[in-house]
Structures are given as structure tokens and as C-alpha cells.
Amino acid sequence: MPIFALTKTTLLDYPEHIAASIFFGGCNFRCPFCHNKDIVFASESLQNGSLITYTEAEILSFLQKRRNVLSGVCITGGEPTLYKDLPKFLAKIKELGYQIKLDTNGSNPELLRMLIQNRLIDYCAMDIKNSLKKYPQTIGIRNTSVPDASTTNTSSVNTSSANPSIANTAVLADLNKMRLTSIQKSVDILMYSDCAEFSYEFRTTVVQELHTEADLVEIAKWILGAPAYYLQSYVESDGVIQKGFHAYSPETMKKLEQICRNWNVNTLLRGV
């Protein structure tokens with residue numbers, strides 16, 4: 001499997017654990033504000049030398065040696081659930097005695113369900129990219145709610161790596177409907193899981209150009225009853241896919257937090 005980065009020790013990525021973070025390359029979304037450009041465009045990053053790969057054996061050997069120091073492993077990316085061999089890999093990590101956290105965009109609900117049911121993950125952080133009506137543009141693809149035959153320029157960023165053959169906006173709309181259905185299924189799987197000792201959170205990276213107060217209200221109503229919803233402030237960096245976005249001020253973020261709390265959602269700020 002394409003493992004492209006390893007953070008050997010982190011106190012931030014897995015709540016209440018000293019953990020290592022393992023980054024899987026590639027993603028089926030192209031969120032323009034994503035700060036892991038090299039990981040998302042993994043093939044290109046390998047060619048230009050900005051990334052190196054790790055073998056499964058190298059990762060497992062590292063985790064074997066660190067069992068007395070680390071208690072958790074964060075599986076992140078990119079999008080880890082793209083890879084069918086992920087359950088086998090997680091089972092090997094479990095055999096070493098680790099707790100496992102999965103970061104996901106929620107696009108593979110059936111694999112997510114299987115991982116929870118087979119107790120291969122202990123914690124899941126799922127990104128809620130935006131309100132449902134604004135999901136397509138937020139994940140990097142526009143003009144999907146009502147297909148427009150007059151234009152084929154449907155992307156705010158280069159999405160050719162994800163869907164090189166798509167030129168028809170009607171086809172594009174159908175694909176995005178399937179994506180949104182998968183996202184909704186994943187939210188339901190997490191919220192209605194009855195697996196003991198499993199926890200989860202939802203999180204949104206808030207971008208001034210993409211998220212409004214109304215969007216966050218829609219999200220709050222959608223995930224009502226979730227144990228935790230984190231609002232993360234956008235950070236501009238050299239690693240973002242498309243530069244030029246902006247964060248809200250700390251004061252505005254606190255206001256957005258309270259607005260979500262008014263809908264009885266346990267909302268917290270992260271990175272503010």
C-alpha cells in the first residue's frame with residue numbers, strides 16, 4: 001500500500017494518546033484548501049522527489065520497537081479507505097497492541113462499517129467538508145446540483161488525476177450524487193454505531209471563502225447528537241492545493257462555535 005509519510009511521535013493527532021501518524025497517498029477529493037498537496041498528488045510527488053515511500057514491513061518494524069513509548073496509531077492521508085488491503089494492515093497493527101484512529105472523508109461507508117464492526121479501529125475522525133448543497137465545490141468540483149450543458153469547465157482546481165475522462169456535466173452530477181450518498185451513509189454509520197468502546201468525531205476546516213454561518217447551521221442540524229464537532233481554522237501554507245484562501249478571525253470562530261452550540265451540538269474549536 002502507498003505509505004508516503006510517517007510522523008514518529010505526535011501528541012495532537014490522536015486524543016489522549018501518544019501516537020504515530022501514518023499517511024497514505026492519494027485521495028478521491030480535491031479540496032482546494034487541503035494542506036497535504038504532496039500526499040494527495042502522491043504519484044507526482046514521487047516523481048519530483050518530494051516524497052519517499054515506506055513499506056508495510058518498515059512501518060510494522062518501527063511500531064514493534066516503539067510499543068513501550070506509543071499507545072496509538074493514527075491512519076491518515078490522503079484517503080486511507082481507498083485501499084482494499086487496509087483491513088489486513090490494521091489487523092497487524094492491532095496484533096501489536098495499539099489503539100487505532102482513522103481519519104477519513106467518509107467516501108467509503110462500507111469499508112468504514114466493516115472496520116468498526118471488526119474492531120479494527122477505535123476512533124474515527126470524519127471530515128464534514130461543508131453543507132450538503134456546497135459539498136461539490138468544496139471537494140474541488142463545481143456545477144453539479146443542476147447540470148449545465150453550456151460549460152464543461154467544472155473544476156476550481158485541476159482534478160484530472162481523480163477523473164481524467166469526465167467532460168460531461170450530467171455525468172459529473174451523477175458521480176457527485178453518489179459521493180454525497182456515501183458521505184451521508186458514513187455519517188449515519190458513525191452516529192448509529194452500537195459498537196462498544198468505539199468513539200468518533202466530526203470536524204470541519206472553516207474557510208472564509210467557502211463557509212458561511214448558514215452552512216455551519218446546516219451541518220449542526222445534520223449531525224445533531226454527535227459526541228463532538230470540531231471547527232478547525234484554515235491555515236495558509238506552501239502545502240495547500242490552491243493558495244489564496246483565508247481564515248476567519250478568532251472572534252468570528254468563537255461566534256460560529258456558539259452558533260453550532262445553540263443547536264445542541266457539542267462544538268469545540270481546534271487550532272484557533
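I call a crossover right-handed if, with the strands pointing away from the viewer, the path from the first strand over the helix to the second runs clockwise. The model I am reading is predicted.

Entry one, the crossovers. I looked up the unit made by β7, α9 and β8, and this β-α-β unit is right-handed. I then took β6, α8 and β7, which also make a right-handed β-α-β unit.

Entry two, the strand pairs. I noted that β6 (residues 199–206) runs parallel to β7, with 5 bridges between them. I looked for the bridge partner of Val206 and found Ser233 in β7. On β8 (residues 267–270), I found parallel pairing with β7 over 4 bridges. There, Leu268 of β8 stands opposite Tyr230.

I checked residues 229–233, the span of β7, and 5 of its 5 residues are buried. I recalled that side chains in a regular strand alternate between the two faces of the sheet. I listed Tyr229, Leu231 and Ser233 on one side of β7, with Tyr230 and Gln232 on the other. Both faces are covered.

For α8 (residues 213–222) and α9 (residues 250–261), the axes come within 9 Å and cross at roughly 35°. I recorded the crossing of α8 and α9 as right-handed. From α8, Glu213, Leu216, Val217 and Ala220 take part in the contact, and they meet Lys255, Leu256, Ile259 and Cys260 of α9. I sorted the residues of this contact into 6 nonpolar, 2 charged and no polar.

Terms used
Residues are numbered from 1 along each chain as its sequence is written. This is a predicted model: local features need pLDDT of at least 70, side-chain atom pairs count only at pLDDT 80 or more; totals for chains, interfaces and linings use all residues. Side-chain values use heavy atoms; hydrogens and water are left out. Axes are lines fitted to C-alpha atoms, for helices over the stretch in contact, and angles run from 0 to 180 degrees between N-to-C directions. A crossing is left-handed if the near helix is turned anticlockwise from the far one by less than a right angle, and right-handed if clockwise. Contact means heavy atoms within 4.5 Å. Ala, Val, Leu, Ile, Met, Phe, Trp, Tyr, Cys and Pro count as nonpolar, Asp, Glu, Lys and Arg as charged, and the others, Gly among them, as polar. Buried means under 20% relative accessible area, exposed over 50%, partly exposed in between (1.4 Å probe, protein chains only). Two strands pair if DSSP finds at least two bridges between them.
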